[in-house]
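This report walks through one structure, from its helix pairs to its ligand site. Look at the structure first, then read on.

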Amino acid sequence: MKKTIYSLVAIAFLATVAGCSAKDDTEKKIDRLISKMTLHEKVGQMNQLSGGEWLAEAVEKGEVGSILNCTDPAELNRIQRIAVEKSRLGIPLLIARDVIHGFKTIFPIPLGLAATFDPELVEKGARIAAVEASANGIRWTFSPMLDIARDPRWGRIAEGSGEDPYLDAMMGAAMVRGYQGNGDSTSVAACIKHFVGYGAAEGGRDYNTTEITERSLRNIYFPAFKAGVDAGAMTLMTSFNANDGIPSTGNKWLVKDVLRDEWGFGGIVVTDWNSAGEMIAHGFASDLKEATEEALDAGVDMDMMSYGYISFIEELVKEKKISEKQVDNAVRNILRLKFKLGLFDNPYIDEARAGETLYAPEHLEAAKQSAIEGAVLLKNDGVLPLKDVRTLLVTGPLADAPYEQLGTWAFDGDETHTVTPLEALKKDFNVIYEPGTEYSRDKSTALVARARSAAARVDAAVVFVGEEAILSGEAHSLSDLNLQGAQSELIAAVKQSCKKVIVVVMAGRPLTIGRDLENCDAMLYSFHPGTMGGEAIAELLEGKAVPSGKSPVTFLKTAGQAPMYYNHFNTGRPNNGSETLLDDIPLKAGQTSLGCTSYYLDSGYGPLFPFGYGLSYTTFDYSNLDIDKSSYSAKDTVRVSVDLKNTGEYDATEVVQLYVRDLVGSVVRPVKELKGFQRVELKAGETKAVTFALPVADLAFWTAGNDYSVEPGDFQLWVAGDSATGDPVSFSVK
Ligand code: GLC
């Protein structure tokens, strides 16, 4: 026995030594390479440009370290050959692309992936994206986007994991693991972005100013980035916004003090597209040279498309405004990634094999499963799953829209591979198809009458509505979140002549669909579900799959409620239910008090649907919520258990959610915070004991004392199927 232990210790020691020596070996190679580089060549590594062969001359001069947006394997090999075989030092290029929710096999948009509450599946999807992308030469993706989004007017809410820090952290870390894999040739460097607070743009207007205090940064916006760093993210991107008056790309506190020094991030920090140059428009730099100095001084290694680094760093070094050591630090980070990805040993793509992995059956299956799990059932008045339906009306602008269904940032996805709902439903029903409207913004009602009359001839109708892909994503903010065009009229018209109307929404954000809910018997919200969305939706409608998705964002009644999110502070005037709404205000109300609490006269207090909400075809009962003690020390773990029963007739999965409230703090605390979740499969009638182990340390926050700590006091804890239901148990921390 002793022998075995000794040999295991020896193996572990040798492995550690080997790991360290490999690391030292790389650092030695970097040292040797840097010692040969001219200042111009060093700066060249810090320059990232968009393009391919037209960059040949600059690449041959060693003036480009990375390119983005070239995806043709043959062209990439040609430009890489110039870097490796023609430039003086032969340093390979880092090839980058926005692979945001799949490369060719397109998965649901990240907001839909978050709705799965299935990090394992999301990691698998990112791994698949990396396999397809790396086979085509892409070794750096600008994903995952970790921006907390509390305002659906912001079009980029589509690209992240919603409003909750814990879910965002779990999904972001899963994507980092998936993209980067085990470091072999399919490894693609992840890029956690946009650091930081970009989703808090005032008015939900993209690129707009943010005013986030350090405390809110640390308690809401930092956690997912810290989780991404801890998951080993190889790169990070700074954000466009100026927070508290300082553009992130020039924010030394953010990049150097927090990211590098406090969190120990050793990867590449890259700007967003010309975000260095945009510091001039911000009024933070007088010209590109000053902007360049601000960015490099803040600790940003690589300049995407401002041309500032390649144009001014040598001058700044000569003027001693920037030290060559600072340049060397940046170049070291860049070369380290190139070594880590094996680019010096294998810089070229096997063009013959580039297409082999694309749309592999197992990739499509994973994309379908993601779309199934990412669909959120918002309403079902007993019409789903479809039963006794022979003839089905399929209508609406998203019923057969292969491109729109892929959603924003689908970049290399090929719509010819999309399976639309119309295609999928035709396999199992006698389908009557009527477009209803030509596209989501189509105001014309010319086709609505045909859909209404067809609805009178069928057993059920499914109306596919939502957003064209262009209506969400970067720079695509909306001030009105109702269904565009004549979509609501179409739903109402179909409802007039059909007794079973199901609405399926494909969108990049939670739209204000309250009035449409009234005109249908069921609503399935599938965000933009990707390549296999049609198959997934058909399986859900037919009951071959049972909805399990939960909303990663709050659904508003009106855009005027924005921003609204579940983990809000209580205020000194919380809603108490006694408020008078607009329609109930008596005439000549005079100075009658209508309720002096935090609410809207016209839309009340709460959302349309809360964070974490989603129905199933079955029902679940939570009982016997219990914790192992009533009082804990900061080093303890809270042992939680609850009985979950499937009280319906379908085998199904429930996303069981754990929330906590810190009742009193040195600063005010949210009324609820998600601290855990599990996907629990239950057969019809089955009961399971579901347990959570919640370290008390997870209750730490950035306190009034400006440190992360758990404060003693009283807490409440819920385990439920969404953020708005359930009765809590109480405990205290000593
Ligand atoms: C864009 C986006 C960023 C993206 C980059 C490269 O402006 O803000 O998310 O990765 O440019 O396409």
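The crossing of α7 and α9 is right-handed (right-handed if the near helix is turned clockwise from the far one by less than a right angle, left-handed if anticlockwise). The model is predicted, so local features need pLDDT of at least 70, side-chain atom pairs count only at pLDDT 80 or more, and totals for chains, interfaces and linings use all residues. Residues are numbered from 1 along each chain as its sequence is written, and side-chain values use heavy atoms, with hydrogens and water left out.

**Helix pairs**

Two packed helices are described by the angle between their axes and the distance between the axes. Axes are lines fitted to C-alpha atoms, for helices over the stretch in contact, and angles run from 0 to 180 degrees between N-to-C directions. Helices (H or I, at least four residues) and strands (E, at least two) are DSSP runs, numbered from the N terminus.

Helix α7 covers residues 165-180 and helix α9 covers residues 223-230. Their axes come within 8 Å and cross at roughly 25°. The two helices are therefore roughly parallel to each other (angles under 35 degrees; over 145 is roughly antiparallel, 65 to 115 roughly perpendicular and the rest oblique). Which residues of α7 meet α9? They are P165, D168, A169, A173 and V176, and they meet P223, A224, A227 and G228. Here contact means heavy atoms within 4.5 Å. Ala, Val, Leu, Ile, Met, Phe, Trp, Tyr, Cys and Pro count as nonpolar, Asp, Glu, Lys and Arg as charged, and the others, Gly among them, as polar.

α7 also packs with helix α6, residues 119-135. The angle is about 35°, and the axes are 7 Å apart. This crossing is right-handed. From α6, the contact includes P119, V122 and E123. From α7, it includes M170, M171 and Y179. The contact of α6 with α7 has 10 nonpolar, two polar and three charged residues.

Further along, helix α17 (residues 448-455) packs with α18 at about 30°, their axes 7 Å apart. That makes α17 roughly parallel to α18. The crossing is right-handed. V448, A451, R452 and A455 of α17 touch E489, L490, A493, V494, Q496 and S497 of α18. Six nonpolar, two polar and two charged residues make up this contact.

**Ligand site**

There are 13 residues around the ligand. Which come nearest? They are D98, R156, K193, H194 and D272. A residue counts as near if one of its heavy atoms lies within 4 Å. The table gives polar contacts, pairs of N or O atoms within 3.5 Å; within protein, one must be able to donate a hydrogen and the other to accept it, and residues adjacent in sequence count only if both atoms are side-chain atoms.

| Side chain | Distance to a ligand oxygen atom |
|---|---|
| D98 | 2.5 Å |
| K193 | 2.8 Å |
| E474 | 3.0 Å |

**Backbone details**

K193 returns here: a cis peptide bond joins K193 and H194, with omega about -10°. H194 lies in strand β5, residues 191-195. Another cis peptide bond joins S143 and P144, with omega about 10°. P144 sits in the loop between β4 (140-141) and α7.

A475 is not a glycine, yet its phi is positive, about 70°. A475 lies in the loop between β14 (460-466) and α18 (487-497).
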